[in-house]
Every structure is written in C-alpha cells, then in structure tokens.
Amino acid sequence: MTILLLSMPDAFEHTPTIAIRMPNGALASLAGNLDPHHHVAVADLVLAQASVRQTVKSLIDRLKPDLVGLSVMTFQRVTARRLIAFIRSLKADVRIVVGGYDPSLAPEAWTDPALGVDAIVRGEGDVTFRELVRAYEQQQPLTAIAGLWFREGDVMRKNPSREVSSLERGDIRPPRRSARVLSGYTMMGRQADVVETSRGCTFDCSFCSIIEMRGRNFHRFPIERVIADIADARAGGARSIFLVDDNITLDVNRFEALCEAIIEAGLNRIDYLVQGMTAPIAARGETLAPLMRRAGFRYVFLGIENVLDDDLVFLKARAKNSRQRADGRINTALAAVNVLRRHGLIVVGGLIVGNPDDRRESVAANLEFAKRYIDWPYIQHPTPYPGTPMTREFESRGLVVNTRPDEYDGTTAVTRSAHLDPEEIEFMRWRAERWMKVRHLPAAFRHDPIFILRNGRRMLAHTFRGTTWRSVVGLEAARDVFERYRSIRRRERQYVDWPDPLERIVVSDRAAVAARS
Ligand code: B12
Ligand code: SF4
C-alpha cells in the first residue's frame, strides 16, 4: 500500500518556525514499524507552513496514497479537519486514519461521519497501525485490533484499548527517517532531529496528558539501540537532537550511562536538547550537569511549573519539584537552574501561570522568577486538554471560558482564575516574556553567529509582532499592541484555506432551523 503520514503545520509561540522546525517523532516511528514492503512518505507540514494546501495537493497527486494518516494535538484539531476535507476532495476513496494525543484522548471529537475519518488509533500507535494496515491489505476484519476505533457505515466501532509496548523487549522497531519527503528541519540553522530513549512517566501532574494516554509506567529502550538511533539521525545530517522522552530524569543512573555512551560513541559534537524535572537535577546536578555538558547537551527544558507551593499542589507537581529538608520541603527550581547554568547549560524554563486561585501577585512572582533565572521562557497558561485531572477541576469550578480547541495552544489563556480574567493573565505573561527572549540572543549569537546575523531581525519581529513605531515611542498603549498581537495570532492559525466540515454543518443546521421557523 502507499501511505502518506502528515503532521500538522500549527506551531507554538515559544518554538517559532523561523528558528525551530522539528520532525514529528511519531511519524518516523510509525513508518519504521510498518511491514517493509509498503511505500511510506512522511511529511511534516511545519516545513511548509506558507503553502500547506499546495504541498498536500502535490503529495496526493504524486503519490496517490491508499491511506493518509494524520498526527494531531488538540490545538491542531481544526486544521486537521480542514485538511481531511481537502484531501477527500482530491481523492475521494482514500482511507483516513488519525492518531496522536487528541484522537487518543478525545476520540468522540473524531467520530462524526461528516469528518470522513475511517479509523482512530488510540494511544501508542506503532503496533496498532501495523495491524490496521495489514488488515486493510488482506481485507481482514478490524475487530481484533486492540487500540482501534473504526468506522462501519455511520457507526464507529470501539475495540478495547491496547497495553503499552515493552521497549526493553524490542516490541518497537527503530524509526524510518528515510521516509521523510520534505526538508528544512532546523534548530537555529543546525539540521534538527528527534530521538526517543524511553516512554512514559510515573508521576501524575494534573495538567499533563501522558498518564491518561498510557497509564503510569516507564519503559526504556536499550542504550545500544538509542546510540544506533542517534547515529542514524547523525548520518542523515542531524547536528541538533531533541530527546523527546516524556521524562528521561526518572532514572538518573541510566541518563548518566547514556551520556557516557554518547561520549564513548563520539556522538558528543551534536547539540542535544532534553526535558527534565527539577528535583533529580537539583539532587544529582553536581555530577550529572558536567557529564551532560561533555555529552553535548546544550538546552535543558526544566518543568518548573510554578515557584509557589500552593500552585504546585494544585498542579500535583510538588513531588517532582521539591525535596525534603530537616526544616521542611523546599522548592528545587532554583537549585536545578543554578547547577545547570554553572555548568554551561541553557535553561528553558517551563512555568504555568493562571491557576485557579492565582492573583496578580502569584502570576507576577512567577514572571519575576523567570526574568531573573531563566535563559528562554516557556511560560504557558493552564490549558484544559482532554482527559487530564486539571481539566475536570477547571470545569467543575466553572473556570473554562474558551472552548475553541484551536486556541488551546498553551499561550492563549482559555481559563480564568477565581480572581483574574484570562485576558489579564495572558497580558501579564505576554508583556514580561518578550523581553526575556531578547536576552537570549547574545548566547545564541555566540553559538550560531551566521544564523543570527541572517535571521535575528526576523526573530525579533516575530517576538514583537503587533509593535509599531507609534508604540515604541509611547504613543500607543501596551494594551493596544497586545490586542493587535492577538489578532495577528488569530490570523496565523488559518493554515489551510479550506472549509471545516463541522463548521459547515453548524452553519447549514442554523440555515435549516431558520428555514423551518
Ligand atoms: C517532544 C514534545 C514536544 C516537542 C515537539 C517536537 C516534535 N516536532 O515532535 C515540542 C517541545 C516542540 C513540543 C511543543 C508543544 N507541545 Co509537546 N510534547 C512533546 C512530548 C514531550 C513528547 C512527544 C513525542 O514526540 N513522543 C514520542 C512519540 C513517538 O510518541 P507520540 O507523539 O505519543 O506518538 C505515538 C502515539 O501518539 C501515536 N500517534 C501519534 N501520531 C499518530 C498518527 C497516526 C496516523 C497514528 C496511527 C498514530 C499516531 O503513535 C505514536 C507512536 O507510538 C509530549 C508528551 C509529554 N510527556 O509531555 C508533549 C505533548 C505532546 N505536547 C503537548 C503540547 C500541548 C505542546 C504545545 C502546544 C505546548 C507545550 N505544552 O509545549 C507545543 C506545540 C507543538 C507544535 N506543534 O508547535 C501536549 C499535547 C496535549 C494534547 N492533548 O494535544 C503533550 C502531550 C504534553 C502535555 N501537555 O500533556 N512538544
Ligand atoms: S513529570 Fe512530566 S511527563 Fe510526568 S506527569 Fe509530570 S509533566 Fe507529565
């Protein structure tokens, strides 16, 4: 069969595509786990943001796929719906399969027959998708495939869930990067790739989708397999690699062994990015951080979440962000930041502001912390992603004010606190954060001078979009700039100029109601 796998073009405010365009790790993994005789093409549409429709059309015309698979996060739902409708208009008989976080955790959003989805792969997809493609090819029934919902006429059949795979046993084959058909992956001018070393997490932070997605468990790929995977990415040209594990710092001994193995294999001239928890980094940083540096690690995304204790309790992120001392529990954010920075690592600080009981002072305290200690801010608002405990709490307290999934991009405040409107929360973050980003430019310049010389101006223009000369000289209020920025952002979300089939239904329903009354 010919299979086209797509990831969505929608990008995140803190990873602007001028500087950061990463491959979606899921798609290469799915490609690698299909039977080898299939012709598979992977297209990350973040590489074609300005020409999504043309790119998809030319891929469909050229490949004539039997099946198109889409990987979708919640804020990409509307883009995916439009794309499916567009693809069907080009090739009516194509099979459409959706997977990833949104179809897994909000499958009901994908069952309306008007959407044209044939199958929903829920949870880990590598084995489920292989079995689905086999069954389609051999015209076998789909009823025995765990982890699958599939269409039968107007009804979506729901098979039981699938157990997570054992990575230690070799259930998951290596990714197939050669299936990628678009180019331009970058991390500030260095070709970028993603590698997994483990899957899962045993914590249960209330805002995170991972537990609902796969339960509380942690599986590790053997270190030799990880090294071979990094070498494969390197051979394909990667000079910057993001380790996309859910939580690599759950097993620090193994993480240290991985750093040693990277050094031993001579793969330490690559720039690595990784995400981790503050508590183990604070506790083991004196040995871990210099080792990471020698292995080539450059950016560490720290899940700080919040510097205030009450907020950490709400986020259920206290255990991973504090440690017990004789005089009580202390927040480990600062210790982790300090030890990483002392050893030359750059801290990307993940914080969440706008929690249910946040007042102006709580938001300001977190922004102040970021301003003082963080190299690149990755500050978000609590976003009610499907199936998370946090979503249930926000809903039960009536604090969700925006139910448009396309605005669930993490930097649009879609919930209010008991004391603050969402616009106020978002405005405070937006105003503080832009200047924090400017501070990172000198460090970026020292590492990648040519890229910054060529693109620095565009990066600044992106960070400060909405700003005009009038606002620079003080003739316009910051609020006006903020409103302009928000409308630019709204326009940017229109990645595919094709009607959303569900919106059309709403419109025609309204028309029908109007005609009847
Ligand atoms: C790495 C990562 C990123 C990287 C992305 C790099 C890249 N291009 O892939 C960066 C840092 C850029 C990023 C950014 C964001 N991310 Co992110 N990210 C992750 C993370 C840590 C791992 C994802 C991953 O690669 N896993 C490895 C692959 C192999 O697994 P997988 O993606 O789950 O794919 C499997 C299945 O889902 C399924 N599958 C997936 N797609 C498809 C498609 C088909 C057709 C099929 C059949 C199956 C299938 O099969 C795959 C193989 O088993 C997760 C989870 C976590 N613990 O936080 C969050 C996560 C996916 N991110 C999330 C979000 C919200 C975002 C942001 C909006 C904001 C943010 N919180 O940072 C931005 C937006 C991204 C963008 N497009 O611009 C949410 C998604 C929630 C949701 N309901 O949509 C997650 C779950 C974190 C959370 N908050 O809970 N992210
Ligand atoms: S530690 Fe990280 S991966 Fe684990 S539940 Fe918390 S946010 Fe999610």
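Author: What follows is a set of questions on a predicted model, each answered from a value and its cut-off.

Reader: How do you know how confident the predictor is in the chain?

Author: The chain has a mean pLDDT of 95, and 97% of its residues reach 70 or more.

Reader: Why are helix 11 and helix 12 called roughly parallel?

Author: Helix 11 (residues 333-342) and helix 12 (residues 360-373) pack at about 15°, with axes 11 Å apart. Angles under 35 degrees count as roughly parallel, and helix 11 and helix 12 are therefore given that name. The crossing of helix 12 by helix 11 is right-handed.

Reader: Which residues make that contact between helix 11 and helix 12?

Author: From helix 11, A333, L334, V337 and R341 meet F369, R372 and Y373 of helix 12. By class, the contact of helix 11 with helix 12 has 5 nonpolar, 2 charged and no polar residues.

Reader: What makes helix 8 roughly parallel to helix 9?

Author: The angle between helix 8 (residues 252-264) and helix 9 (residues 278-295) is about 10°, and their axes are 9 Å apart. The cut-off is again under 35 degrees, so helix 8 is roughly parallel to helix 9. Residues in the contact include F255, C259 and I263 of helix 8 and L288, L291 and M292 of helix 9. The contact of helix 8 with helix 9 divides into 10 nonpolar, 2 polar and 4 charged residues.

Reader: Why is helix 14 called roughly perpendicular to helix 18?

Author: Helix 14 (residues 422-439) and helix 18 (residues 478-492) pack at about 95°, with axes 11 Å apart. The range from 65 to 115 counts as roughly perpendicular, so the term applies to helix 14 and helix 18. Among the residues that meet are E423, W430 and R434 in helix 14 and R479, F482 and Y485 in helix 18. By class, this contact of helix 14 with helix 18 has 6 nonpolar, no polar and 7 charged residues.

Reader: Which residues surround ligand 2?

Author: C201, F203, C205, F207, C208, I210, D246, N247 and K320 surround ligand 2. The shell around ligand 2 has 6 nonpolar, 1 polar and 2 charged residues.

How values were computed. Residues are numbered from 1 along each chain as its sequence is written. Chains are lettered from A and ligands numbered from 1 in the order in which they are written. This is a predicted model: local features need pLDDT of at least 70, side-chain atom pairs count only at pLDDT 80 or more; totals for chains, interfaces and linings use all residues. Side-chain values use heavy atoms; hydrogens and water are left out. pLDDT is the predictor's confidence in each residue, from 0 to 100. Axes are lines fitted to C-alpha atoms, for helices over the stretch in contact, and angles run from 0 to 180 degrees between N-to-C directions. Helices (H or I, at least four residues) and strands (E, at least two) are DSSP runs, numbered from the N terminus. Angles under 35 degrees count as roughly parallel, over 145 as roughly antiparallel, 65 to 115 as roughly perpendicular and the rest as oblique. A crossing is left-handed if the near helix is turned anticlockwise from the far one by less than a right angle, and right-handed if clockwise. Contact means heavy atoms within 4.5 Å. Ala, Val, Leu, Ile, Met, Phe, Trp, Tyr, Cys and Pro count as nonpolar, Asp, Glu, Lys and Arg as charged, and the others, Gly among them, as polar. A residue is near a molecule or strand if one of its heavy atoms lies within 4 Å of it.
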